[in-house]
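Hi there,

I'm passing this structure on to you, with some notes on what turned up in it. Have a look at it first, and then read on.

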Amino acid sequence: MNDHDPIFAGFLRGQLSEGLALAGESDVLQLLPFPGDPPTRYVASFRGSWLAQDARGRIFEQPLAVFGIQFPRDYLRIVEPAMIVTVLEPDNLWHPNIRPPWICLGALPPGTGLVDLLYQCFEVLAYHKYSPHSALNEAAAQWARHQPPGRFPIDRRPFRRPPAGKEAAA
C-alpha cells in the first residue's frame with residue numbers, strides 16, 4: 001500500500017468496512033481480507049447453486065465459487081478489469097461471461113467499490129446478468145441462448161438477507 005496516498009488509503013478503509021458489513025448481511029458471501037493496513041486484496045467465496053461443466057460435458061450445480069479481488073495503487077485513476085477480479089476456483093464454472101481465471105463484469109469505472117464488485121460477481125454467478133452475444137465462453141453462451149424461459153436466474157436467493165421482519169411481507 002502506498003502510505004503517501006491518503007485518498008487511496010481512505011478508499012481502501014471504506015472498502016474493508018463496507019465489504020465486511022455486506023458479508024455479515026449475506027448467506028451467500030464470505031469475505032476474507034488479505035493482511036494489510038488497509039488491505040488491498042480479498043478472497044470472496046460465494047456459496048449457492050452455480051453452474052459448472054464436468055470433463056464429459058455435463059452441466060451440474062456447483063456449490064462454491066471463489067474469486068480474488070485486488071485494488072492496485074492506481075485503481076482510482078485507471079482500471080484494468082482482468083487485473084481486478086479473477087476466478088480462483090473452480091476452474092470449470094459454466095457461464096458465458098466466465099472463462100477461468102477471467103470473468104467479464106462489463107465496464108468498470110475507476111474506483112468501483114468492493115460492494116459493487118461483489119454484487120456483480122453474484123449477479124453473474126446466479127445468471128441474473130449474462131451476455132450470450134459477447135462471450136468469454138462461447139459454448140456456455142450457445143447453451144444459455146437455448147435454455148427455456150424461466151431457467152434463469154440459477155440461484156434465486158437474495159444476495160443480502162432482508163431486514164428482520166421483512167421476510168413475512170415478501
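Does Tyr42 count as buried or exposed? With a relative accessibility of 1%, Tyr42 counts as buried (buried means under 20% relative accessible area, exposed over 50% and partly exposed in between, using a 1.4 Å probe and protein chains only).

Before the rest, a word on the basis. This is a predicted model, in which local features need pLDDT of at least 70 and side-chain atom pairs count only at pLDDT 80 or more, while totals for chains, interfaces and linings use all residues. Residues are numbered from 1 along each chain as its sequence is written, and side-chain values use heavy atoms, leaving out hydrogens and water.

Now the aromatic rings. Rings of Phe, Tyr and Trp (its six-membered ring) pair if their centres lie within 6.5 Å; planes under 30 degrees apart count as stacked, over 60 as edge-to-face and the rest as tilted. By this rule there are 16 aromatic pairs. In one of them, the ring centres of Tyr42 and Phe71 are 6.4 Å apart and the planes stand at 80 degrees, so this pair is edge-to-face. Tyr42 belongs to strand E2 and Phe71 to the loop between E3 and helix H2 (81–84), so the pair ties together parts 29 residues apart in sequence. (Helices, H or I with at least four residues, and strands, E with at least two, are DSSP runs numbered from the N terminus.) Phe71 is buried too, with a relative accessible area of 3%.

Trp50 and Phe122 also make an edge-to-face pair, at 6.1 Å between centres and 85 degrees between planes. Trp50 is buried at 0% relative accessibility, and Phe122 is buried at 4%.

Thr112 is in the loop between strand E6 (102–103) and H3, and is buried at 9% relative accessibility.

Last, helix H4 (residues 138–145) has Ala140, Ala141, Trp143 and Ala144 as its buried residues. Down the axis of H4 they fall within an arc of 160 degrees (taken from the directions from the helix axis to the C-beta atoms), so they line one face of the helix. Their cover includes strand E2 (41–53) and strand E3 (59–70).

Best wishes

Notes
Contact means heavy atoms within 4.5 Å.
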